[in-house]
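I set out to record what can be looked up about the chains, their contacts and the open spaces among them. The entries below follow the order of my reading.

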Amino acid sequence: MNHHPAAWGRPLPASASFDMYNPQFSAPKAAPAHQMPVAHTQQPLVTGTSVLGIKFDGGVMLAADNLASYGSLARFKDIERLHPLGPHTVIAAAGDMSDFQWLKKELNAILREEQALSLTDSHPSLSPSNIYDFLANLFYARRSKMNPVWNAVLVGGWDRVKAETFLGYVDLLGTTYSAPTLATGFGAHIAQPLLREAFEAKAGTDGKGPLMTQQEATAVLDDCMKVLFYRDARSMNKYQIATVTKDGVVISDSKSSETQWGFAEDLRGYGAQTQ
Amino acid sequence: MALYAEHPASAHDAHAAGPTQHAFNPYSDNGGTILAIAGKDFSVIAGDTRQSEGYSIQTRYARKVWQLTDNAVLATNGFAADGKNFVKRVKQRLEWYQHAHHKQMPLRAIARMIQTMLYGRRFFPYYVYNILGGIEEDGSGAVYSFDPVGSYEREACRAAGAAQSLVQPFLDNQVSVGILLHFSSHRHPSICSFVPSASLRKHTIVTNDRQFPPRHDNSTRYLGVFAMEALSLALTPQIYFKNQVPEPGAAPFIPGNLPLSTVLGLVVDSFTSATERHIEVGDGLEVFVVMNKGRTTDDLLGEGQLAEGMEIEELGALGDGGERTFLVKRALKRD
Amino acid sequence: MSSIGTGYDLSVSTYSPDGRLFQVEYANKAVEAAGVAVGLRCTDGIILGVERLLHSKLLVKGANRRIQSVDEHIGMATAGLLADGKHLGSRARDEAANFRETYNAPVTVQVLSDRISGYVQAYTCYGSVRPFGISTLVAGADKTGPRLFCIEPSGVFYGYRACAVGKGRALARTELEKVLAKEGGVSVREGVMEVARMLSGLASYLAPLAISLSRSTAVESVKNDVLAIHLVHDDNQDKAFELEMTWVCEESGMKHAAVPADLLAEAEEKAKAALEEGMEED
């Protein structure tokens with residue numbers, strides 16, 4: 001048997017069925033590392049599902065549940081997918097969680113160096129849009145190397161200089177866009193319409209009306225996270241909400257929605273029906 | 001033999017299998033449409049502001065038309081991330097040029113530079129359709145269109161993107177005023193409901209326009225639903241006069257010579273109509289108008305020149321060329 | 001130095017017959033000519049202070065700072081060639097970041113000082129380079145508490161409870177000894193008492209200072225530090241200088257940060273007042 005990692009999970013070659021004890025004729029040795037193609041992320045492994053973002057009067061909110069799935073297995077159930085960066089920025093990540101961990105480490109190191117340098121070279125600290133532009137450039141550069149950072153990331157923040165909120169999206173292709181409400185993945189189909197409806201109800205389609213309050217924003221995010229839990233098989237009824245205002249970042253404790261599954265008993269193939 | 005021939009090119013055998021095939025697809029299509037039309041001494045470059053992926057609208061406002069210099073505006077369409085980064089590179093090259101030569105790069109040079117930059121990525125292309133519009137050194141309005149790998153030509157007009165196949169034939173064609181009037185009197189109410197005043201106004205402009213000889217549609221042609229809708233709104237001659245024959249003794253048609261008000265009407269009608277017929281087009285319209293130095297602005301800024309619901313601003317000069325660039329904005333339907 | 005030159009001072013890779021590296025000793029001269037830098041370790045935090053000599057009235061206020069941040073919890077002050085200090089600071093930040101990358105933990109002040117000293121020492125081994133013309137005070141608070149180290153141009157480094165480098169360091173050290181003499185090996189609770197006594201002593205030595213004893217020890221130490229710097233500053237030269245001070249303590253969230261401007265101003269004012277009063281007595 002070939003136990004080299006390159007052969008894991010692969011069907012045995014025809015030769016192996018003849019003589020699996022003789023490596024000379026069965027699984028050939030894996031090529032030395034320097035001859036192998038450079039290993040890039042081909043697919044996400046441990047993944048987080050959709051994340052949501054919405055602007056409200058004086059701030060911005062992001063929401064993400066605490067689940068990291070391994071395929072359809074609910075593998076890790078206390079993962080934080082919201083991450084603060086400095087005093088006025090939060091990112092929320094969907095997609096590959098190991099890439100996200102790497103990203104957090106990288107960004108933390110950059111912010112730490114910026115912080116250290118700010119003592120001697122007094123320059124303004126990184127604004128949310130600075131961090132967003134950095135991420136967009138990073139993601140686009142990596143996709144252009146065919147080695148993507150397999151995430152869709154929302155950046156929410158408060159720009160101290162402009163005194164305004166920031167909300168942006170960037171993903172593994174380097175695609176970027178901004179909007180007053182954002183949702184990734186399945187949430188783009190399920191939650192985004194609800195978020196837009198709630199946002200436009202007050203602000204109007206041109207966004208020039210009054211924005212929703214913090215309470216209203218929390219309510220619509222709670223509602224969206226519940227609907228996503230009902231509809232998204234990769235979601236979990238345990239989530240957090242990050243709020244950024246001029247006063248800084250607050251990431252809530254994990255919370256759950258009230259759900260009602262009584263109707264499931266009546267579904268054919270689910271309940272106790274025999275017919 | 002089939003047993004062996006059927007072998008999956010086993011990654012088991014690294015040497016036989018060759019490099020691993022990457023499943024990752026680095027491209028996406030973000031919809032939207034762009035359009036540019038050249039006039040005698042102006043150029044109009046437009047794009048909608050919707051960015052989408054599949055059936056999802058990612059955002060209702062993402063810019064895809066960019067002012068490069070005082071006399072050049074670039075519209076990008078296709079994969080938004082490539083578009084954004086391509087424009088960034090073009091702007092960087094233009095800045096370097098200005099530092100080196102103390103002047104802005106001429107339009108035809110920008111066009112050639114864009115072709116070089118696109119072809120430089122021939123084997124990992126920017127998935128972007130570019131349309132460059134502006135004023136040439138001789139003062140004429142110009143439009144250059146590109147394919148993703150750099151093939152380019154100067155044209156009188158060009159549409160690209162999701163609704164290219166709807167808009168381009170409309171621009172290519174030319175229909176007689178008589179037929180236009182016929183359509184206009186039988187307009188479907190729902191079609192004209194969102195630009196009624198614009199249609200009527202343009203009608204007057206066109207019928208009063210003595211620059212162009214009256215034209216007749218000499219053939220019985222099939223008009224697609226899109227073209228019929230657009231025409232009923234436009235009430236104007238189009239640009240390339242394809243399949244048209246001038247009246248005996250009349251001057252030949254010259255593409256790229258329409259008055260600005262007519263061009264603006266065509267642009268608006270192209271986009272409102274494309275919005276009706278294509279799910280990836282809508283939300284907002286941005287029209288850049290570049291004018292040669294010294295040209296009158298009355299036909300843009302004059303009273304009643306812009307239909308209701310349109311906003312206009314002048315973009316500040318980047319150099320001292322004297323050309324002027326205006327940005328006209330208008331809402332498009334959001335559904 | 002008695003035996004200047006004689007051919008043995010051209011390269012740092014050549015010893016003199018009596019086993020000295022003249023280039024390293026000259027580097028120390030560069031340090032001795034520089035404005036003083038002071039580090040003071042307290043029970044609940046640590047302080048760095050420098051006197052930044054202003055060679056021109058045209059300089060922007062607060063520019064060319066000599067205290068740098070190395071990591072969240074560590075700062076360093078240099079005395080000597082400013083550019084050498086900037087370079088070493090950059091290297092120190094790389095070392096601190098490298099430690100985090102490798103061990104996912106903040107670097108301790110000792111380990112960081114060790115790494116910096118190794119770097120400095122390497123510049124005493126090759127004929128193609130010159131030694132660093134700086135002495136560096138590395139101050140921070142890590143899992144072992146507040147720590148202070150001084151790295152000299154030779155690469156040697158020692159840990160200190162308090163240290164001063166640069167011109168006037170001798171007088172500064174005497175002052176620091178006075179501050180620390182009554183404090184040796186005390187708990188925080190005892191330390192508060194000790195420092196209170198120490199402050200009163202210093203105050204009585206200089207002038208009747210009304211220093212509130214209710215403040216934290218780190219805050220009080222800032223004032224003492226200011227006093228020390230103002231004391232050792234050679235006023236006869238009539239050179240303008242700016243005071244620069246950072247700390248790592250509870251009040252700064254155990255992060256290396258500038259001492260709040262209002263506190264610094266207050267301390268500076270009191271120090272100047274005390275100094276003037278002292279001069280009147282003379």
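**Entry 1: the largest pocket**

I noted that H3(A) contributes six residues to the lining of the largest pocket, the most of any element. Helices (H or I, at least four residues) and strands (E, at least two) are DSSP runs, numbered from the N terminus. The model is predicted, so I kept in mind that local features need pLDDT of at least 70, that side-chain atom pairs count only at pLDDT 80 or more, and that totals for chains, interfaces and linings use all residues. Residues are numbered from 1 along each chain as its sequence is written, chains are lettered from A and ligands numbered from 1 in the order in which they are written, and side-chain values use heavy atoms, with hydrogens and water left out.

I found a volume of about 1400 Å³ for the largest pocket. Its lining counts 45 residues, with A:Ser178, B:Thr59, B:Arg60, B:Tyr61 and B:Ala62 the closest to its centre.

On terms: on a 1 Å grid over the protein atoms alone, a cavity is a set of points where a 1.4 Å probe fits but cannot get out, and a pocket is an open set with protein on both sides within 12 Å along at least five of seven lines; lining residues have an atom within 4 Å of a point. Grid points are joined across faces, edges and corners, and a volume is the space filled by probe spheres set on the points.

**Entry 2: cavities**

I counted eight cavities of 30 Å³ or more. The largest cavity holds about 180 Å³. Among its 16 lining residues, B:Gln51, B:Arg63, B:Lys64, B:Thr76 and B:Ala80 lie nearest its centre. Strand S6 (72-78) and helix H3 (80-101) of chain B each give two or more residues to this lining.

**Entry 3: chain A against chain C**

I found seven residues of chain A in contact (heavy atoms within 4.5 Å) with 14 residues of chain C. Four salt bridges (a side-chain nitrogen of Lys or Arg within 4 Å of a carboxyl oxygen of Asp or Glu) are counted between these chains. One of them pairs C:Glu101 with A:Lys105 at 3.0 Å, N to O.

The whole structure has 32 salt bridges over all chains. In another, the closest N and O atoms of C:Asp71 and A:Arg112 are 3.9 Å apart. This pair joins two chains, because C:Asp71 lies in strand S3 (residues 67-71) of chain C and A:Arg112 in helix H2 (residues 97-120) of chain A.

Notes
Contact means heavy atoms within 4.5 Å.
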